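Subject: Structure handover

Hello,

Here is the structure you asked about. My notes follow below it.

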Amino acid sequence: MPGEAAREVRFHVTRYNPERDAAPYVQTFTVPVREGMTVLDGLHYIKENLDASLVWRYSCRMGVCGSCGMLLNGRPMLACNTQILHIAGTDLTVGPLPNFDIIRDLVPDLVPMFQKHLSLNPFIVREDDEELNDPAGEFYQSPQQLEEYLQFTYCIKCGLCMAGCPTLATDARFLGPMPLTSAQRYNSDTRDGGRGLRREQAGSPHGAFRCHYAGECSHVCPKGVDPAKAIQHLKRSLVLDYLHLARKRQPCEKMHGPGQGQPLANIAAPPARTV
Amino acid sequence: MAEIKRHDNRLGLWGWLGGGRWGLERYAYILHRVTGLGILLYFLIHIFVTNLRFRGIYLWVEGSFFDKPIFKVGEYLVFVAFAYHALNGIRLVLVELGVAVGKPIEPVYPYKTSLTVQRPLLIVMMLLAAIVVAAGGYEFLGLTR
Ligand code: SF4
Ligand code: FES
């Protein structure tokens, strides 16, 4: 609030310059904090007034791009989405996301996460290439079918879940919550026919069954994606596939021609909203 | 392009144990791993010790090495670990089959997660484990004799 006195908070920030430092160390900065200031604002204050060499990653400032994940007072959080006074009194530790290599200061190397993500074919897989490349109609999905995967689409690939996951802490090859959630998101999309393609990787020794439901991913996810839930549903489908008990499903058809945007007669009414 | 030097920031075992201020399920996870490793260790020692009988060494008979109260307590701890690991394991099997985690929902703040949906199952399993542990304690203390 304008005119309101600022409170001093000590920021204990992890620093690491690969060209100079053998190991990361902690540097302390005192930041005047006002109500409503985010951790990202605090870092900007440090960069503008105290040490211009501090490095971190951010872009949107509004919890959308997923760039500013950090370890704040020991918890993986988004710096732009977290108000300093909500989590700190006089001291705040700011570190890079664990379970990722540090490139510099607060910048984690997210590339391994994206490689794992890519290995699970995180896109709609269909055989009708011609139709895909030159669309002649639209897919129809009922609200129920949409709700099967909608929650998992809100993922912003920030990596907080990967940083909180205790399994990833000891098994670097574990695919991790974000990629596995993405696999489940596409598997449960009625337009998709790629479940078989993802099965081998998702069911591999470092795949879904490495998760033992510590639930940390769902605790720290800033978008309510609930990766722990997605992974359990993924495991269920892998078990059903293994036992040949899964219901066979063909990717849904496209609708052609005018007037077909109307709801189809044989589609059930939408369910009551879940929230 | 020159390779950029990076610092490995993997948490290792601290990632399991350094879980202060986390959710209940994380503690259940740590305990599940620790009890699993404990039971495995006991199993290896058990195989080794019983194997010694081939050489005519009986470490567990009255008056020999293992006939001490401390090992009795140790045995009870193995039983406690087993009771926890088995009952928590049943919860995990159910959860991993998609039971008790709920369906996907629309995420609206404040977010609800599957953890709260399965929490009653966790509580029931822990109560059952407590009953088994208490019944086992009764037996180990020799109260049934
Ligand atoms: S699941 Fe949540 S925590 Fe994980 S990457 Fe996506 S938005 Fe971030
Ligand atoms: S800056 Fe985009 S999520 Fe924080």
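**Aromatic rings in chain B**

B:Tyr76 counts as partly exposed because its relative accessibility is 21% (buried means under 20% relative accessible area, exposed over 50%, partly exposed in between, with a 1.4 Å probe and protein chains only). B:Phe79, at 24%, is also partly exposed.

This is a predicted model, in which local features need pLDDT of at least 70 and side-chain atom pairs count only at pLDDT 80 or more, while totals for chains, interfaces and linings use all residues. Residues are numbered from 1 along each chain as its sequence is written, chains are lettered from A and ligands numbered from 1 in the order in which they are written, and side-chain values use heavy atoms, with hydrogens and water left out.

B:Tyr76 and B:Phe79 sit three residues apart in helix α3 of chain B, so about one helical turn separates them (helices are DSSP runs of H or I with at least four residues, strands are E runs of at least two, numbered from the N terminus). Over all chains there are five aromatic pairs (rings of Phe, Tyr and Trp, the last by its six-membered ring, pair if their centres lie within 6.5 Å; planes under 30 degrees apart count as stacked, over 60 as edge-to-face and the rest as tilted). The pair B:Tyr76 and B:Phe79 is stacked because the ring centres are 6.3 Å apart and the planes at 25 degrees. Ring pairs also bring in B:Phe140, which forms a cluster with B:Tyr76 and B:Phe79.

B:Tyr109 and B:Tyr111 are edge-to-face, since their centres are 5.2 Å apart and their planes at 90 degrees. B:Tyr109 is exposed at 68%, and B:Tyr111 is partly exposed at 27%.

**Where chain B meets chain A**

On chain B, 38 residues are in contact with 58 residues of chain A (contact means heavy atoms within 4.5 Å). The rule finds three salt bridges across this interface (a side-chain nitrogen of Lys or Arg within 4 Å of a carboxyl oxygen of Asp or Glu). One of them joins B:Arg6 to A:Asp109, at 2.6 Å from N to O.

Where is A:Asp109 found? It lies in the loop between β7 (107-108) and α3 (111-119) of chain A. A:Asp109 is buried, with a relative accessible area of 9%. Apart from neighbours within four places in sequence, A:Asp109 is in contact with A:Phe100, A:Asp101, A:Ile103 and B:Arg6.

Regards
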